[in-house]
Structure formats: structure tokens, C-alpha cells
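Let's go through a structure together, one feature at a time.

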Amino acid sequence: MLKAPMLKAMTVVAASALLAGAAVAHHGWGSYDAAKPVTVEGAILTSKYENPHATVTVRNESKVWTVTLAPTSRMSSRGASEKVIAVGNKISAYGYPSTATPDEMRAERITVDGKTYEMR
Amino acid sequence: MTEEAPAIFVALEQSGLGAAIRQSTWLFPVANVGHILALMVFAGALAIMDVRLLGGLAATAPARVLMRARTVAVAALILQVATGFILFTADASHVIINPVFQLKLALIAAGLGNLAIFEFGVKRSVVKLSPGAAMPASAKTAGLLSLAIWLAVAACGRSIAYF
């Protein structure tokens, strides 16, 4: 049987590991304002299918948004290939505006040609 | 972001190498995983060295433990520098102006400085000690500083994404 102090130490370690895991899962989402979700719709002006995150720029009414997507391996495994986010395609991106960079948002999900792709 | 990165880092990011890292599906994630695995090995080896310097593992001969663990630590550190360079190059112009990354670089310099002081000074008085002999205060200081600095380096590394 484990002694009580040992059990307590193990609980603390396990809890820390869980917290660390949660932090990793939220990698890079900290500087986006989830309380103010936006939907950016329009034609893709530029497209970078690159790591650590793919990005597109989209003209939405009066301004050009930079939309940060996901790592390319995740996108391609979910069917969001380079062709899906090609320049000229119509995209609808639901996500959160950056609190650090003006006119940048991080997409929770995107819809192209009637198909929705989750980004996290 | 209003600050401008020094031109050399903009050039590094825009280089063919930078583009290749970003455009490869696997290079960036593999470097990312490798960076963490190398950190684990480095931290393990380093902890053995620092605990020995602090007087733990007292039944062992200091020279033997320190030199063996050092080989592993140096190999892991080289792997960390290599994988870190890949991660840095992909986004150099942003990362270099990140305050936490700058702190991390300063802490790495401090860690290497502490190591140099140990290698060229403290080590001589430690390696000839027999198992069970008390550690000199200088060795304990070096061990404690090393632990604190390298743990702070790791904490900074993980925090770059949030600043």
C-alpha cells in the first residue's frame, strides 16, 4: 500500500501533468479574444500552406483579414488540402480576433465549397 | 506588432531554408517533438549532475557520475540547439523580438557561463573527491544555479507561445 504522503505527492504530479497538457492543447490561442468571435467571408487573396500554421488573407467588406489556420499535417489529415485554400476560393472562417495584431484572426473552423473543416 | 526585427533575422526567416522548413509537412513538427525529447534527456542528465554536486547520490564517486552524465547532457544540448534553430528559423522575425525568447537566450548564456565557471574552476576540487566526501560550497552553488537556470530556460521556452 502506498503511504499517504506518497499518494499526495503523486496526486500533485498527476494534476500538474494534466494542467501542462491543457496548456499545450491551447498552444497559441491565448492572444485571441474568444469572447468576440467573428466570421470572415470572402475570396482568398493570398494563401500560405505552411508550418507552424497555414494562413490566408481574405477581403471582408472593407478590410483584409489575415486568417491563421492550423498546422499543415492536421489540415491535410482533415481534408483541408492546399487546393481547398487556394487563391480565389470563397472561404468562410469562424474564429477569434487577435488581441496583439490588428486584422488578424485565428479560425476555429473554415467552410469552403459547402464543406466545413475544424482547425483544432 | 510594431517593433521591427533586425534585418539578419528577417533575412533568415525569408531564406530558402526558412521557406523549406515552413513548407515541409513534417520538418517543423519533427523538430518540435525532437526539441522536447532532447529537453527531457538533457534535464535528466543535468539533474543527476546537479544533485551530485549538491551532495546527493553520496555513495557514488563524483568524477564518474559527473563525466558520464555530462556526455549525455552535451549530446542532448547539441540536439536541442539543432532542433531549436529549425523552429526559430521558421519564424525568426517574430520570435527574436519576443521578450520571453530574449529572456531565454540570456538564461542560456547564464547557464553556459555557470558551466564554464564549473569546468575551469570548481570541477578540479570535485573530481578527486571520494564517494561520501562532503561537497565544497562552490560545487553546491554551481549545482543549485544550474538547476534553477535550466529549469527557467525550459519554462521560458514553453512560454514563448503566450507572449
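What follows is a short chat about reading this predicted model.

Q: How do I describe two packed helices?

A: Two packed helices are described by the angle between their axes and the distance between the axes. Here, helix α2 (residues 16-23) of chain B packs against helix α4 (residues 62-90) of chain B at an angle of about 95°, and their axes are 8 Å apart. Angles of 65 to 115 degrees count as roughly perpendicular, so α2(B) is roughly perpendicular to α4(B).

Q: Which residues in α2(B) and α4(B) meet?

A: From α2(B) you have L17(B), G18(B), I21(B) and R22(B), and they meet I86(B), T89(B) and A90(B) of α4(B). Sorted by class, the residues of this contact are 4 nonpolar, 2 polar and 1 charged.

Q: Which residues of the largest nonpolar core touch the most other members?

A: That core has 24 residues, and the ones touching the most other members are F42(B), A45(B), L46(B), M49(B), A73(B), A76(B) and A139(B). Two or more residues come from each of α3 (27-53), α4, α6 (99-127) and α7 (137-159) of chain B. The largest share, 8 residues, is from α3(B).

Take L46(B): leaving aside neighbours within four places in sequence, L46(B) is in contact with A73(B), S146(B) and W150(B). There's also a second, separate core of 20 residues, with A54(A), V67(A), I85(A) and M105(A) among them.

Q: How many residues does each chain bring to the contact?

A: Chain B brings 11 residues and chain A brings 12 residues. On the side of chain B that touches chain A, α2 and α3 of chain B are the elements giving two or more residues. By class, that side of chain B has 7 nonpolar, 2 polar and 2 charged residues.

Note on methods: Residues numbered from 1 in each chain as written. Chains lettered and ligands numbered in written order. Predicted model: local features only at pLDDT ≥ 70, side-chain atom pairs only at ≥ 80, totals over all residues. Axes fitted to C-alpha atoms, helices over the stretch in contact; angles between N-to-C directions. Helix = DSSP H or I, 4+ residues; strand = E, 2+ residues; numbered from the N terminus. Parallel < 35°, antiparallel > 145°, perpendicular 65-115°, else oblique. Contact = placed C-beta atoms within 7 Å. Nonpolar A, V, L, I, M, F, W, Y, C, P; charged D, E, K, R; others polar. Core = buried A, V, L, I, M, F, W, Y, C linked by C-beta atoms within 7 Å. Buried ≥ 20, exposed ≤ 12 C-beta atoms within 10 Å, placed from the backbone.
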